Every structure is written in structure tokens, then in C-alpha cells.
Amino acid sequence: MTAAMAARFTVLFPHLDERQRRLLLAAEARALGRGGIRLVARAAGVREATVSLGATDLDSGEAPLGRVRRVGGGCKRVVDLDLGLRPALLALVEPDVRGDPMSPLRWTTKSTRHLAAELSRQGHRISADTVADVLREEGFSLHGNGKVIESKQHPDRDGQFCYINEQAKTHHRRGRWPQGPHGRRPAP
């Protein structure tokens with residue numbers, strides 16, 4: 001009997017999500033009666049607590065098509081687990097932040113792949129997609145690199161922009177941020 005159950009579970013499990021597996025196991029255990037939880041758990045290769053949880057789910061009266069996990073269940077986001085990740089990422093993009101200082105739109109010239117590689121070298125486990133998600137949360141607009149034709153410019157143009165950026169930060173901290181085009185202070 002245990003072998004027959006194990007064969008059924010082997011065929012069905014790849015087609016079921018976690019909750020559906022628990023419910024199937026609980027239904028099998030109920031059909032067996034006393035001692036069914038232990039037999040089903042052995043046949044399925046799961047803990048008895050998993051089968052018991054399925055029985056609780058059956059008794060709860062929860063809707064048949066609900067969530068697989070409770071809200072907040074599953075893997076936690078890497079930025080929630082590694083509290084130093086977000087500041088490390090922002091420190092990497094800060095020198096190369098682009099955008100109109102009067103506009104809240106910001107972007108960076110660094111690719112998400114290169115940022116992820118640098119963060120990995122610093123000891124943070126992160127993918128390029130997660131870097132993109134965090135940058136979006138921080139108000140960055142992600143655009144692909146485009147070819148920009150620029151005329152000859154001052155050799156220290158980047159230094160000039162860094163200087164202007166530092167001056168703007170200093171004035172902003174001191175409360176002397178310039179008024180926007182419509183007489184309002186721009187968003188910080």
C-alpha cells in the first residue's frame with residue numbers, strides 16, 4: 001500500500017504546487033484513518049507536520065484557489081537581508097548620477113551588470129536584475145545606452161560637473177537651494 005501511494009505521489013507532485021501537495025497528502029491520510037498521517041508522510045518522503053498542516057488547511061474552509069504561501073512567506077528579498085547592499089549600490093552610482101538638477105528624474109551611466117559585478121566583488125550577492133529593481137526604487141530611470149554625438153568639450157568637463165554637484169549639495173544642506181522655474185523649491 002505504501003509503495004502504491006509513493007508511486008501516485010511521484011506522478012502527481014510535479015504538477016502540484018505546495019498547497020495542493022499538502023491538501024492531497026491530507027486527503028490521503030484521512031482516507032486511511034488512524035495512523036494515516038505517519039504512513040502518508042513516509043510514502044511521500046515529507047515530514048508528518050506537512051501532512052498535519054494539510055489537514056488543518058482542509059479544515060480551515062479556505063477558498064480552493066488561494067495563495068500558495070501566506071503573505072510574507074517565501075524567500076526574503078536580498079536587499080532586506082543585506083542591509084549594507086542599498087548604501088553600497090548608491091555609493092557606486094553617486095559619482096555618475098545624471099539628470100537635470102531641477103528634475104527628480106535621475107539616471108546613471110553605469111550598466112546594471114557592471115554594478116552587480118562590483119557589488120559581488122565587495123561581498124554582496126546580487127544579480128543585475130535586482131540592481132535594476134533597487135535603482136528603480138531609488139528613483140532612477142533605466143535606459144539603454146544610446147550613442148550620443150558630442151562636440152569637443154572642455155577636457156575637465158566631468159570635473160566641472162562633479163564640482164557643480166558638490167556645490168549644489170552644499171547649498172541644499174544649508175537651506176540655500178535655488179527656487180525652481182515656477183517659484184517652488186524642487187524635490188530633493
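Leaving aside neighbours within four places in sequence, Q122 is in contact with A88 and L92, where contact means heavy atoms within 4.5 Å. You will find Q122 in the loop between α7 and α8 (128-137). Helices here are DSSP runs of H or I with at least four residues, strands are runs of E with at least two, and both are numbered from the N terminus. Q122 counts as partly exposed because its relative accessibility is 40%; on this scale buried means under 20% relative accessible area, exposed means over 50%, and partly exposed lies in between, with a 1.4 Å probe and protein chains only. Q122 and A88 are 34 residues apart in sequence, yet 8.7 Å apart in space, C-alpha to C-alpha.

Before going on, a word about what you are looking at. This is a predicted model, in which local features need pLDDT of at least 70 and side-chain atom pairs count only at pLDDT 80 or more, while totals for chains, interfaces and linings use all residues. Residues are numbered from 1 along each chain as its sequence is written, and side-chain values use heavy atoms, with hydrogens and water left out.

Let us step back to the whole chain. It has nine helices and two strands, and from the N terminus on the order is α-α-α-α-α-α-β-β-α-α-α. Of the 188 residues in the chain, buried residues make up 23%. Among the contacts with a separation of 6 or more, 54% come from residues 24 or more positions apart.

Now back to A88, which takes part in a helix pair. L85, A88, L89, L92 and V93 in α6 meet L115, E118 and L119 in α7. Two packed helices are described by the angle between their axes and the distance between the axes. For helix α6 (residues 85-93) and helix α7 (residues 112-121), the axes come within 11 Å and cross at roughly 125 degrees. Such axes are lines fitted to C-alpha atoms, for helices over the stretch in contact, and the angles run from 0 to 180 degrees between N-to-C directions. α6 and α7 are therefore oblique to each other: angles under 35 degrees count as roughly parallel, over 145 as roughly antiparallel, 65 to 115 as roughly perpendicular, and the rest as oblique.

In the loop between α5 (78-81) and α6 sits D82. With a relative accessible area of 21%, D82 is partly exposed. D82 and H124 are 42 residues apart in sequence and 7.6 Å apart in space, C-alpha to C-alpha.

M5, R8, F9 and L12 of α1 make the contact with L24, L25, E28 and L32 of α2. The crossing of α1 past α2 is right-handed.

How do α2 and α3 meet? The axes of α2 and helix α3 (residues 36-44) come within 8 Å and cross at roughly 135 degrees, so α2 is oblique to α3. L25, E28, A29 and L32 of α2 make the contact with G36, I37, L39, V40 and A44 of α3. Here too, α2 passes α3 in a right-handed crossing.

E28 belongs to helix α2 (residues 18-32), and its 18% relative accessibility is why E28 counts as buried. Not counting residues up to four places away in sequence, E28 touches M5, R8, F9 and V40.

F9 also leads us to the aromatic rings. A search of the whole structure finds one aromatic pair. F9 and F13 form this pair, which is stacked, at 5.4 Å centre to centre and 20 degrees between the planes. Rings of Phe, Tyr and Trp (its six-membered ring) pair if their centres lie within 6.5 Å, and planes under 30 degrees apart count as stacked, over 60 as edge-to-face and the rest as tilted. Both F9 and F13 are buried. R21 lies over the face of F13, at 5.8 Å from the ring centre; the criterion is NZ of Lys or CZ of Arg within 6 Å of the ring centre and within 35 degrees of the ring normal.

Note on methods:
Left-handed = near helix turned anticlockwise from the far one by under 90°.
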